[in-house]
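This report is for a reader who is new to the structure shown below.

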Amino acid sequence: MTKYLLRRLVAMLIALWLIITLTFIIMHVVPGGPFATEKPLPPEILKNIMAHYHMNEPLWRQYTDYLGSLLHGDLGPSFKYQDRTVNGIIRDGFPVSAALGAVAIAIALLIGIPAGIVSALRRNSWQDYLAMALTTIGFSVPSFILAGLLMYVFAYRLGWLPPAMWGSPQQAIMPALALSALPMAFVARLMRSSMLEVLQQDYMRTARAKGLPERLVVWRHAVRNAITPVVTYLGPLVAGIFTGSFVVENIFAIPGLGRYYVMSITDRDYTVILGVTIFYSAFLMLMNFLVDLAYVFIDPRVKLAGRKEV
Amino acid sequence: MFFKSKKFFLLAGLLAVLAMMVAGCGGQGGTQGASNQIIRFNVGAEPQTLDPAKATGIPDATIINAMFEGLTRYGADNKPGPGIAESWTISPDGKTYTFKLRDAKWSNGDPLTARDFVDGWLRALNPNTQSEYAYQLWYIKGAEEYNKGTGSAKDVAVRAVDDHTLQVVLKAPAPQFLGLTSFETLMPIDSKVVKEHPDWAASPANYIGDGPYKMVSWDHNQVIKCVKNPNYWDAANVKLAKLDFYLVDNNTTGYNMFKTGQIDFQYNVPVQEIPGLKNNPDFKIMPQAATYFYRFNVTKKPFNDPRVRRALALAIDRQAIVRDVARGGQLPAYALIPPGFKDADGKDFRQNGGNYFQEDVAGAKKLLAGAGYPDGRGFPDVSIMYNTNDQHKAIAEAIQAMWKKNLNINVQLHNEEWQTYLNDMQKLNYDIARAGWVPDYLDPMTFADMFVTNGGNNETGWSNKGYDTLITKAKTTDAGNPKARMADMHNAEKLLMDRMPIMPIYFYTQPVLIKPNLKGVIIPPFNVEAEFKWAYVQ
C-alpha cells in the first residue's frame with residue numbers, strides 16, 4: 001500500500017513538472033505580453049516594469065526562478081491585478097467555485113443516478129424515453145444558453161431569483177442548475193448503460209434464483225456493481241467543476257476561479273496562467289487518485305497493492 | 001456493509017447541502033438600507049489597481065476619482081474647476097504654475113498639504129513604482145529624466161513653497177497641463193499611510209483618500225462599497241450617503257441587474273438591446289470623445305498609393321453603418337478628431353474644422369481607376385484585421401460588402417485575439433486594421449500627435465514632413481499662442497485627411513442606462529465613466 005502511494009506520488013510530481021514546463025514554453029511562444037497595451041508604453045517605462053518582474057532576464061532563468069519560488073508555495077504576483085498575488089486570487093476564487101461546484105454535482109448525482117437506474121430497470125418504457133430525451137437536451141444545450149434562459153425566466157420574467165452576483169443561497173440556484181445539466185445527463189446515461197450491462201450478468205440470475213427480494217437484488221447486486229463508471233467519472237468531474245466555469249461565472253457575475261483561468265490567458269498574465277494551471281492540474285490528479293482509492297471500497301475485485309500481496 | 005454506510009454518508013451529505021439551499025430560499029430579498037441616498041453603479045470591471053499612481057484603466061480611474069481629488073476637478077462644463085487648489089496663476093510664458101491650496105484633510109483626518117502633492121507626483125515618477133502613466137507627468141521640468149533613471153528626484157520642478165502653495169515649472173508651455181492635474185496619476189498621497197501599509201491600495205481600511213467618498217469594502221469581482229467622506233473639504237455639498245461600484249463585466253448581466261433593480265446605473269448597454277430602448281426614460285446616449293477608424297498599412301501595395309486609400313474611404317456609407325450596424329447613435333466621422341474639444345475661440349474644435357471629405361462612389365471609382373485598378377480589376381488580395389468582437393465583425397462585414405458593391409473589390413476579413421492583434425498592428429503585419437482611440441486628456445493634441453513619423457501610436461508606417469512640422473510647431477513655438485496652436489492642428493488634420501493613412505468611420509457615443517431619479521451625475525466624454533461628487537437621488 002505504502003509503495004503504491006509513493007509510486008503514485010512520484011508519477012504525479014513528474015506529470016506536474018511536465019505540465020509546468022509545457023505551459024511555461026507555450027505561453028511565452030504566443031505573441032503579446034502582460035504589458036502590451038493599445039497605447040504602447042514609452043520604452044524606458046516598459047523596460048523598468050519588465051525589470052521589476054524579472055522579465056528582462058533570459059527565459060531559462062525566469063523558469064528556474066519560478067520553480068524555486070514554487071517550492072516555497074509562492075506563485076508570485078499577478079501582473080494585471082497589481083495589488084494581488086496568485087495565491088490570493090486562488091484563495092479568494094477557489095472556495096466560491098468549489099461551493100458552487102459542490103451544489104451542481106449534488107444536483108447532477110441526485111437526479112442523474114436515480115434517472116439512470118429507473119431507465120435501465122424499465123428499459124423502453126415511457127420513463128426511459130423521457131429520461132433519455134432529457135439527457136439529450138442536457139448534452140446538447142450549451143451552458144450559456146441554459147444560463148441565459150434561466151436568468152430570463154426566473155429573474156427577468158418571474159422575478160423569483162436575483163439575476164446575478166454571489167453570497168446568498170438563492171444566488172447559487174441558477175448557476176448551479178446551469179452547471180449541473182451536462183454532468184447530470186452524462187451520469188444518467190452512464191448509469192443506465194452500466195446497469196443494463198450488469199443486469200445481464202449471471203450473478204443477477206443467481207441472486208434472483210436464491211429468492212432474494214427484488215429490492216435487494218437491484219440495490220446490493222446491480223447498483224453496487226454498476227456505479228463504478230460513475231465514480232470514475234466523478235474524479236475529473238469534481239476537478240473540472242470545482243475549479244470553475246468561465247461561462248457560468250461570467251454570466252452570473254460569480255467571483256470564482258474559472259474566470260481567471262480564461263481571462264489570464266487573454267491578458268497574458270503569466271503568473272496567473274501558470275499558477276491556476278498548476279493548481280488545476282494538482283487538483284485533477286488528486287481527484288483521480290481519490291477515485292482509485294475509492295474503487296477498493298466499491299469493487300471487491302480491486303486491490304491497490306497489486307498482484308503480490310493477494 | 002462498509003459500502004452501504006459509506007453510501008449513506010454520501011447521500012446524507014448531499015441532502016444536507018440541498019436542504020441548506022432550499023432553506024435559504026425563503027430568506028431576505030435584495031432590499032436596501034434606510035437611507036435612499038445611495039447609487040449602485042456598474043463600472044463594468046474589477047479594477048486592476050486603485051493605486052492612483054499605477055492605475056491606467058477607465059473603471060479604475062472612475063473609482064479613484066470618487067475617493068481622491070487632485071488640484072482640479074472637472075465639472076459639468078467639461079472644464080477643470082477648483083479642487084484641492086482653490087486658485088492658481090500661470091506665468092506669462094505659460095511654464096510656471098502656482099497653485100493655492102485650500103484647508104483640506106485626508107479621510108483619516110490628517111491635514112493635506114502641498115508636500116503631499118510633491119510626494120504623490122514624485123512617487124508616480126519614481127522608477128520603482130512602475131507607473132505606466134508616469135509619462136503624463138513628463139511635462140514637468142526634470143520629470144522625464146527622473147522617471148527614466150537619468151535624473152534625480154530633487155531636480156523635478158515641483159515644489160511645496162509652504163503648506164498651501166505648490167509651484168510647478170514645465171519644460172515647455174502645455175495648455176493641457178491644468179486639466180491633467182485632475183488625472184489619477186497626479187493625485188496627492190498620504191506618505192505616512194503608504195509607508196506604514198505597503199498594501200494600502202488593496203485594503204479598504206488603509207485606503208486613505210482626499211475625495212468625496214471613502215471605501216468601506218472591496219469584494220473582488222463583486223462590489224466596492226463607499227460612503228461619504230466626512231473629512232472631505234466640500235462634504236457639505238456631497239448629498240449621497242453611499243456609493244456602490246458593481247464590478248460586473250458581462251454587460252448583458254449588468255443589463256438584467258438594472259432591469260430587475262439590483263443596480264441603478266449601467267455604463268455599457270448591450271448593442272442588441274439598444275433598438276428596444278429608444279423611447280425608454282432610463283436610456284441615454286452620451287457623447288464620447290473617441291474615434292472608430294481603420295488604419296491602412298501604407299508600407300504595402302496597394303495602400304502605398306494615397307488614391308487607393310482615398311477611394312476606399314469615399315466608397316463606404318457611414319450613415320448606414322451607424323444606423324444599421326453600430327446602432328448606438330454614433331456620429332459618422334469625416335475627420336479624425338471627435339467633437340468634445342474646445343478650440344481657441346471656445347467653440348468646438350470639430351465644428352470649426354468641419355468635414356474633410358464626402359462620400360462619393362463615382363469619385364472613388366475614378367481614383368481607383370487612376371491608381372491602376374479600373375473597376376477593381378487586378379486589385380490585390382487584402383484583408384481587414386480586427387480584434388475578435390461581434391460588433392467589429394459586423395462593421396467589417398458591412399464595409400466588405402460596400403467595397404464589393406461600389407468598387408468591385410474583394411477583401412477578406414480576419415479576426416485576431418486581442419494581444420495578437422496588438423502585436424501585428426505594432427509590427428505593421430496587416431493590410432487594413434480596425435482601431436479605436438480615446439483621448440488621454442481633453443485637447444485635440446491627444447489625437448493629432450498620433451501620426452507623427454515613427455510615433456508610438458502611428459502604426460500605419462505613414463510619414464509626412466509637413467505633418468511633423470505642424471505638430472512640432474504646435475508643441476513648441478506656437479505652444480503659448482492658443483490661436484496659432486489650434487490652427488497648426490487644424491492644418492495637420494486637413495493634411496492627414498488629404499493623405500488618408502487612416503479612414504475615419506464614426507465618433508463613439510456612450511449609451512447608458514440610468515434611473516431618471518438620479519440627479520447630478522456627470523457623464524464626461526473621456527477618462528472617467530461618471531463623476532459622482534454632485535450626485536443625489538431625488
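## Packing of α6 and α7 in chain A

Helix α6 (residues 143–157) of chain A packs with α7(A) at an angle of about 145 degrees, and their axes are 9 Å apart. Axes here are lines fitted to C-alpha atoms, for helices over the stretch in contact, and angles run from 0 to 180 degrees between N-to-C directions. Helices (H or I, at least four residues) and strands (E, at least two) are DSSP runs, numbered from the N terminus. The crossing of α6(A) and α7(A) is right-handed; a crossing is right-handed if the near helix is turned clockwise from the far one by less than a right angle, and left-handed if anticlockwise.

From α6(A), the residues Ser143(A), Leu146(A), Ala147(A), Leu150(A), Met151(A) and Phe154(A) meet Met174(A), Leu177(A), Ala178(A), Leu179(A), Ala181(A) and Leu182(A) of α7(A). Two residues are in contact if their C-beta atoms, placed from the backbone, lie within 7 Å. The residues of this contact comprise 11 nonpolar, one polar and no charged. In this scheme Ala, Val, Leu, Ile, Met, Phe, Trp, Tyr, Cys and Pro count as nonpolar, Asp, Glu, Lys and Arg as charged, and the others, Gly among them, as polar.

The model is predicted: local features need pLDDT of at least 70, side-chain atom pairs count only at pLDDT 80 or more, and totals for chains, interfaces and linings use all residues. Residues are numbered from 1 along each chain as its sequence is written, while chains are lettered from A and ligands numbered from 1 in the order in which they are written.

Helix α7 (residues 169–199) of chain A has a kink of about 40 degrees at Ser180(A), shortly before the proline Pro183(A). The bend at a residue is the angle between axes fitted to the seven residues ending there and the seven starting there. Of the 31 residues of α7(A), 24 are buried, so this helix is largely enclosed by the rest of the structure. A residue is buried if 20 or more other C-beta atoms lie within 10 Å of its own, exposed if 12 or fewer, and partly exposed in between, with C-beta atoms placed from the backbone.

The axes of α7(A) and helix α9 (residues 214–226) of chain A come within 8 Å and cross at roughly 130 degrees. α7(A) is therefore oblique to α9(A); angles under 35 degrees count as roughly parallel, over 145 as roughly antiparallel, 65 to 115 as roughly perpendicular and the rest as oblique. The crossing of α7(A) and α9(A) is right-handed. On the α7(A) side the contact is made by Met191(A), Ser194(A), Met195(A), Val198(A) and Leu199(A), and on the α9(A) side by Ala222(A), Asn225(A) and Ala226(A). Six of the residues in this contact of α7(A) with α9(A) are nonpolar, two are polar and none is charged.

## Chain A as a whole

Chain A has 13 helices and zero strands. Its C-alpha trace spans about 85 × 65 × 30 Å along the principal axes. Of the 310 residues of chain A, 38% count as buried. Among contacts in chain A with a separation of 6 or more, 73% are between residues 24 or more positions apart.

Most residues other than glycine have a negative phi, and most peptide bonds are trans. His54(A) is not a glycine, yet has a positive phi of about 60 degrees. His54(A) is in the loop between α2 (43–52) and α3 (59–71) of chain A, and counts as exposed with 12 C-beta neighbours inside 10 Å. Met165(A) also has a positive phi, near 80 degrees. Met165(A) is found in the loop between α6 and α7 of chain A and counts as buried, with 23 C-beta neighbours inside 10 Å.

In chain B, a cis peptide bond joins Lys301(B) and Pro302(B), with omega about -5 degrees. Pro302(B) is in the loop between β14 (283–296) and α9 (306–314) of chain B.

## Contact between the chains

The contact takes 45 residues from chain B and 48 residues from chain A. On the side of chain B that touches chain A, the elements giving two or more residues are α1 (2–25), α7 (251–259) and α14 (418–426) of chain B. α1(B) gives the most to this side, with 10 residues. The residues on this side of chain B divide into 17 nonpolar, 20 polar and eight charged.
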